Amino acid sequence: MEKSCTLLIHFDKGTPAIANEIKEALEGNDVPAKIDAMKKAIMLLLNGETLPQLFITIVRYVLPSEDHTVQKLLLLYLEIIEKTDTKGRVLPEMILICQNLRNNLQHPNEYIRGVTLRFLCRLNETEIIEPLIPSVLQNLEHRHPFIRRNAILAVMSIYKLPQGEQLLVDAPEMIEKMVVLELIRKVCRTNRAEKGKYIKIIISLLNAPSTAVIYECAGTLVSLSSAPTAIRAAANTYCQLLLSQSDNNVKLIVLDRLNELKSSHRDIMVDLIMDVLRALSSPNLDIRRKTLDIVLELITPRNINEVVLMLKKEVMKTQSGELEKNGEYRQMLIQAIHSCAIKFPEVASTVVHLLMDFLGDSNVASAIDVVVFVREIIETNPKLRVSIITRLLDTFYQIRAARVCSCALWIIGEYCLSLSEVESGMATIKQCLGELPFYSISEEGEATDASKKTPQANSITVSSRRPAVLADGTYATQSAASETAFSAPTVVQGSLASGNLRSLLLTGDFFLGAVVACTLTKLVLRLQEVQPSKVEVNKATTQALLIFVSMLQLGQSPVLPHPIDNDSNDRIVLCIRLLCDTGDGIRKIWLQSCRQSFVKMLSEKQLRETEELKAKAQVSHAQPDDLIDFYHLKSRKGMSQLELEDEVQDDLKRATGEFVNDNDDANKLNRILQLTGFSDPVYAEAYVTVHHYDIVLDITVINRTKETLQNLCLELATMGDLKLVERPQNYTLAPESSKQIKANIKVSSTETGVIFGNIVYETSNVLERTVVVLNDIHIDIMDYISPAVCTDAAFRTMWAEFEWENKVAVNTVIQDEKEFLNHIIKSTNMKCLTP
């Protein structure tokens, strides 16, 4: 009886392989030998041999193999062997094959699943197929299109069997749900006039139970239509997936889709802002950060109060428990509230007092964001100045970070205007400094013990002289301790409420001491204007001078590991001279010019942000000679509201030039790289697409010969920090035909890399493999690096975190900095002059 054949392989009838040799090769661990043995066994079977003794050997030694080539050859072997006896009944040993096929249909590798589903299309034995039907149906909803496509083909083949209608009763309905979206896409691209009718079908499919189908429906709606109803339905679908899916990767993908909708359909996304905000319930910081980025661009006067209320609730949640990365999440929320308050000043009063509770936060970055926020709000909202100053003075003793203290002191010095505020500010600073002096010569031993014990118990001290990166990229010497949070207020020779400023000074942070001196100087100068009693003014001046002298005395004492730096020393001395002899010009500089500079900085920042928004708002316009389509003159008979909306939106897109594709053919041609010569038997060219850290090579291979090229393989290799994700498979290329091959490459670091490789193939006349060397593809670093904006504070934080400075340890007996620098310069010059 003749049988149908789906496989034809050329077989040289020279010396057939012996069955024992094939068996020994299959039982070994050598994969190439096992592949060669499987090929010989298949060719013998196709040429009439039975080889019954090989079946058990293949079950034992070939079925467990994970090699893709072995698995593909195994499926070919299973296709051509006899599966039934003389009476047409399935052989008992086929039960082992069923179990292996079921495992392959549930295999984590997409390729094994796909080829197994393709193999099922060529089986006619109902007894073998029936146990596999549940696994086949599960693959209909797989995320990978390769598996879904082969699963649909398998269902179709099973349904066409003599008893297929009983095995799969609802096969037509299932296939219709799976392939309808692809069909609609193709129809709508070729016949746009019928698009509105199909969009209604897609909207009805949004109620499908499969999340994969729902996601594809939403993406299809966005790609086919700009009608508000369709976009709103797609956005709602994405929001539902964002809340219902537990996989973080799925959430990030959905957020990317929502971000794209925000750019093109902002008005619709504004109504869904609270649904997007619910994604903050995820503990993943990347999801929270991306959610906040989307929400901050959707804020309007209508929803600002709801958004701020939600953000305030999230901030308060971070206080309840010390979860992992709670401080970093709190910092993100504070930055978001800061942005909201700057855009809409009327909400500042509802959040500023809540955020000021975090000035003493253990997360220094959060506390810095809060104090910067307070500094900006107190200038832009004059009505809140009195309440902010009062609250700041009440909570100042809780601040434990040097940088936060410095900024808070600047606020106190600039915005304490009335008599009561000036007196309260001076009293708060004195209380936090504690009793004077900081160091007493007569009690040297006692002071030494106190000063050594206290700082070590509360902070980690680093070198006080370290370079600070300014906004213009230059360096400045800064004397400060590391921004280490203090666990609790420390009492050092002072009252119970004092400690934060005193503790920081005793760690050697004289930069903060200079800030304290400047703040007290401003307060004394302003007190001279608002205090009518000269006695009180003189008393305050004397107390301030005593504090300055005590700080200088502490800086020159041997109890600290390093003395006061020159910059801080000069600054404190300048404050002493100013209080002893004050002129009107100097008074104006200290009391007015500082704030004027700050106001100018804020105005420039606002102007820069406004210009950036204007640049983003620019849209393309139509050409003056474009045709105008008056949609009001169209016949509305038989058109639903959705179809009418879609027609109107298409016309608007044509009018505004949105249908013009930026990536036109001319731009595509510029990105095509020729890989082989025109005289080579195989011509290849690549279209390179770079998306962030993913590189996709879309390679076109053309067979320019009159022969069939077998086992044509694209072999790629990379140099640099590039990694080939998957190796392309082998192909058979007919004469003068072409093939599209895709290769995915990951970029692991910001370096320039090179991709090189060969095209290897075989012909029927030549036993050897032919190799065509490809031209190198140079991947420039600028292809996957895009410009971004970073704030000064974030830049300085990253600079300190990554430690881009090359630290060199220097041992010298020279104490003076200028003398040491002169010594270095002289040594360098002498080395240059030496032959």
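Contact here means heavy atoms within 4.5 Å. Among contacts in the protein between residues at least 6 apart in sequence, 66% join residues at least 24 apart.

The model is predicted, so local features need pLDDT of at least 70 and side-chain atom pairs count only at pLDDT 80 or more, while totals for chains, interfaces and linings use all residues. Residues are numbered from 1 along each chain as its sequence is written, and side-chain values use heavy atoms, with hydrogens and water left out.

**Whole chain.** Start with everything shown: the protein has 35 helices and 12 strands. These are DSSP runs numbered from the N terminus, with helices being H or I of at least four residues and strands E of at least two. Of the 835 residues, 43% are buried (buried is under 20% relative accessible area, exposed over 50%, partly exposed in between, with a 1.4 Å probe and protein chains only).

**Residues 19-27 and 54-61.** Select helix α1 (residues 19-27) and helix α3 (residues 54-61), which pack at an angle of about 10° with axes 9 Å apart. Axes are lines fitted to C-alpha atoms, for helices over the stretch in contact, and angles run from 0 to 180 degrees between N-to-C directions. The two helices are therefore roughly parallel (angles under 35 degrees; over 145 is roughly antiparallel, 65 to 115 roughly perpendicular and the rest oblique). Now show side chains: α1 contributes A19, I22, K23, L26 and E27 to the contact, and α3 contributes L54, T57, I58 and Y61.

**Residues 31-46.** Move to helix α2, whose 16 residues reach 23 Å from first C-alpha to last, close to the 22 Å expected at 1.5 Å a residue. The expected span is 1.5 Å times one less than the number of residues. Buried residues of α2 include K34, I35, M38 and L45. Their cover includes α1, α3 and α4 (68-80).

**Residues 364-380.** Helix α22 has 17 residues that should span 24 Å at 1.5 Å a residue, and its end C-alpha atoms are 25 Å apart, which agrees. Since 13 of the 17 residues are buried, α22 is largely enclosed by the rest of the structure.

Go to strand β6 (residues 709-719) and select N711. Its phi is near 50°, a positive value in a residue other than glycine, and at 29% relative accessibility N711 counts as partly exposed. Finish at E736, in the loop between β8 (731-733) and β9 (738-747). The phi of E736 is also positive, near 55°, and at 51% relative accessibility E736 counts as exposed.
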